[in-house]
Structure formats: structure tokens, C-alpha cells
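Please look over the structure shown here before reading the notes, and keep it in view as each part is described.

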Amino acid sequence: MSLIDKLTQIDGSKEELTQNFQKKYSKLASAGDAWAINQLFSQIKIVPELSDNDLITLYISTAKGYVSPYVLESILEWDKKVHNGKPVVFNKLGDDFSKALQEGYFTLIREDRTNKENFHKLEKLTGIPVSEETINKAFNQRIKDRNLGEYEFNKIKQATGIMPKADEKVVQNLYKNCLRKEKISGQNLFYWEYIAKSTKIMPEEKTAQLAFRYLVNKGKTHDLIRFSEFTGIKPEKNIVQDAYKILAQKNSFSTDYEDLKKISGGIKPNEKTIKLAYKIAVEGNSIWDSYFKSIKELTGVNPPEELVQKAYAKCISKGEFKNYEELYNTFKIEPSKKVREKLAKYLSS
């Protein structure tokens, strides 16, 4: 026994019950709820007999929302049912439906429901492909709403066949939001790099310099170099000098010096910073572990004589006579009387 037969036993005649369900269908159609009609139909198996106005409402409302090819297929079948096998209402929809469907496509892309099969079926059913304008508009709205994910571009292209284009203003705002709300270094720097490479839109000069300043204030010289490399933007001279100072303070001149010089267009550290680098190197645990010699090789600037004398003295106190010899061979500065006395004392003790 069918469901409708069972319901008839409970609530009157089959004809009356069918008429009441048709009224229910009409109410749902007036509300534009094709999904609910479909759900009801799947249970009671009474084909909706809808008016042309009801069908128009369903076509337009379904197209505007989270448009589904399966729901549209159902409406087409209902359309054919009341028009001797032909979708008469659909064929008369015209521009209103086309516009509504572009709204539906917009919603699918904006909400990351970019399924290739659905887009293909919708185009085949309606004869209306998603437009490039809709894709770009939805894509840029998606950036505004939730920022830019790693596979956004290719995912949309795979579903629609069109590569979206990011809007310059939207992307610049995205950079600014990132700068305000998120750290730039570490993994977040990969996000900046992805935005730059995928959109082909680089941050504006002011934003880039703020990013450089953030990185140098955090002591992230390596990230600063990476940022410059993928944007093609040079940090300002004062930022470069501050970055050199960080290298000096960290005893790491040999780490990022050459790259920093390269991305800055050849800017070299000032004499004060070089002297600081030598001073901190002398104060380190070992002259050579602290890159004392490499500072000379990188900058071409000799340390002040008093620092070399301190280095001699330190080598003696630590018994590092090979380093003592290298110091002399590198800088050609004669050990002072005080250093020679320290050596004599070391040897006699």
C-alpha cells in the first residue's frame, strides 16, 4: 500500500487529499521553496501541478540562492508536467532568470561551493555559463570576507574554466589587514608571499616599508630579506642600517650580510655598526666562533686597534695561539706592550 493510500485511510478521500497536497505545493512555491516541494514529492509521489506564476517564482528564487542543478531539474520536470512535456515557463524566463542565475553562481563561489560537476550541470541545464564578471566579483568578495586561501585561484578555475582576477584595491586592503592583525614572520610570511605571487599585485610602498619596519623591530632579518625578494621592493636605508645593527648584536654578520646588501641595492653598514660588530665579537666566547675575521672579509673595514689588542689578550687567556697568529696575519697590527706582558705572564705561570 502506498503512503498516499495509507493517508487516505486516515484523512478522507484520495482525491481530496491530493488536492490538499497540491495546495501545499502552491504555498511552498509562493515562498520560493523548491527544496521543500522536492522533499515532499519524494515522500508522497504526487507530482506538483503548479501555476506559471508559481514556476516563475521557483525558477528565480532557486537560481538566486545556493543554486542546485538537481532542484532545477525538478522544477523543469514540473514545468513539463503542466505543459504537455515542454518547459514552457522556463523558455519564457529571459533576462530575469539569467541575472538571478549569475547571483546564484556568485553565492556558490563566494561561499566556496565551487564544485566542477555542479557548474557543468547548471550550464548544461540552463544554457547559461557563469560569467567572468561574476567570478571576479565573487572572488574579490570572498577575499574581503575571509581573506585569500592557498588554493583559491586554481580551485575556481578548475570548477568554472576561468581564472579569477584579484582587484588591486581589495588586495591592498588585504595586505593592510594582515599587517594590522597578523604577524608577518614565520609561516604568516608564506601567506604574504602567496598573495603576492598568485595575484601578481605587490603591496604598496608605504605598506611594504611598514612591513620591513615590523620585521626589523622583531629582529627578523632573514624574513625581511625574503619579503624584499618576493615583492621586489627595497627597504629604506634607515631600515637596512637597523638590520645590519641586529646582525652585529647577534654576532651573525656572516649569516644575512650578503643578502641584505644585495636586496638593499648595495648599502653597506655604517662605521658605528661595524665597530659594534667587532666589539661584540671580541666579547663572545671565541674570536673565530664570533666571526671576528669574517667581519673584515665582508666589510673590508679593519677593527679599531684597541679591539685587536683586546682580541690578542683574549686569545692568550684562553690559550688559543692559532687564533692569535691568524689575528696578526689578518690585521698586521703589532701586539702592544701590555699584550706581550700578558703573554710572558701566561708562559711563566
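This is a predicted model: local features need pLDDT of at least 70, side-chain atom pairs count only at pLDDT 80 or more; totals for chains, interfaces and linings use all residues.

Residues are numbered from 1 along each chain as its sequence is written, and side-chain values use heavy atoms, with hydrogens and water left out. Helices here are DSSP runs (H or I, at least four residues), numbered from the N terminus.

**Helix H19 and its surroundings**

- Helix H19 covers residues 305–318, which is 14 residues, and it reaches 20 Å from its first C-alpha to its last, close to the 20 Å expected at 1.5 Å a residue; the expected span is 1.5 Å times one less than the number of residues.
- The buried residues of H19 are Leu307, Val308, Gln309, Ala311, Tyr312, Lys314, Cys315 and Ile316, where buried means under 20% relative accessible area, exposed means over 50% and partly exposed lies in between (1.4 Å probe, protein chains only).
- The cover over these buried residues includes helix H17 (271–283), helix H18 (292–299), helix H20 (321–331) and helix H21 (337–348).
- Just after H19 comes glycine 319, which takes a positive phi of about 70°.

- Two packed helices are described by the angle between their axes and the distance between the axes; the axes are lines fitted to C-alpha atoms, for helices over the stretch in contact, and angles run from 0 to 180 degrees between N-to-C directions.
- H17 and H19 pack at an angle of about 15°, and their axes are 10 Å apart. That angle makes H17 roughly parallel to H19, since angles under 35 degrees count as roughly parallel, over 145 as roughly antiparallel, 65 to 115 as roughly perpendicular and the rest as oblique.
- The crossing of H17 and H19 is left-handed, a word used if the near helix is turned anticlockwise from the far one by less than a right angle, with right-handed used if clockwise.
- Between H17 and H19, the residues Lys275, Tyr278, Lys279, Val282 and Glu283 in H17 meet Glu306, Leu307, Lys310, Ala311 and Lys314 in H19, with contact meaning heavy atoms within 4.5 Å.
- H19 and H20 pack at an angle of about 160°, with axes 8 Å apart. This makes H19 roughly antiparallel to H20.
- H19 also passes H20 in a left-handed crossing, and there Val308, Ala311, Tyr312, Cys315 and Ile316 in H19 meet Phe321, Asn323, Tyr324, Leu327, Tyr328 and Phe331 in H20.

**Helix H5**

- Helix H5 covers residues 69–81, which is 13 residues, and it reaches 18 Å from its first C-alpha to its last, close to the 18 Å expected at 1.5 Å a residue.
- In H5, the buried residues are Pro69, Val71, Leu72, Ser74, Ile75, Leu76, Trp78 and Asp79, and what covers them includes helix H3 (34–44), helix H4 (52–64), helix H6 (88–91), H7 and H8.
- Serine 68 caps the N-terminal end of H5, with a side-chain oxygen 3.2 Å from the backbone nitrogen of tyrosine 70.

- Threonine 134 sits in helix H9 (residues 132–146), and with a relative accessible area of 9% it is buried.
- The side chain of threonine 134 makes a polar contact with the side chain of serine 131 at 2.8 Å; a polar contact is a pair of N or O atoms within 3.5 Å, where within protein one must be able to donate a hydrogen and the other to accept it, and residues adjacent in sequence count only if both atoms are side-chain atoms.
- Leaving aside neighbours within four places in sequence, threonine 134 is in contact with Gln102, Tyr105 and Phe106.
- Asparagine 115 lies in the loop between helix H7 (95–110) and helix H8 (116–126), and at 34% relative accessibility it counts as partly exposed.
- A polar atom of the side chain of asparagine 115 lies 2.9 Å from the backbone nitrogen of glutamate 117.

- Most residues other than glycine have a negative phi.
- Asparagine 251, in the loop between helix H15 (237–249) and helix H16 (253–263), has a positive phi of about 55° although it is not a glycine.
- Lysine 332, in the loop between H20 and H21, has a positive phi near 55°, and with a relative accessible area of 57% lysine 332 is exposed.

Key
Helices (H or I, at least four residues) and strands (E, at least two) are DSSP runs, numbered from the N terminus.
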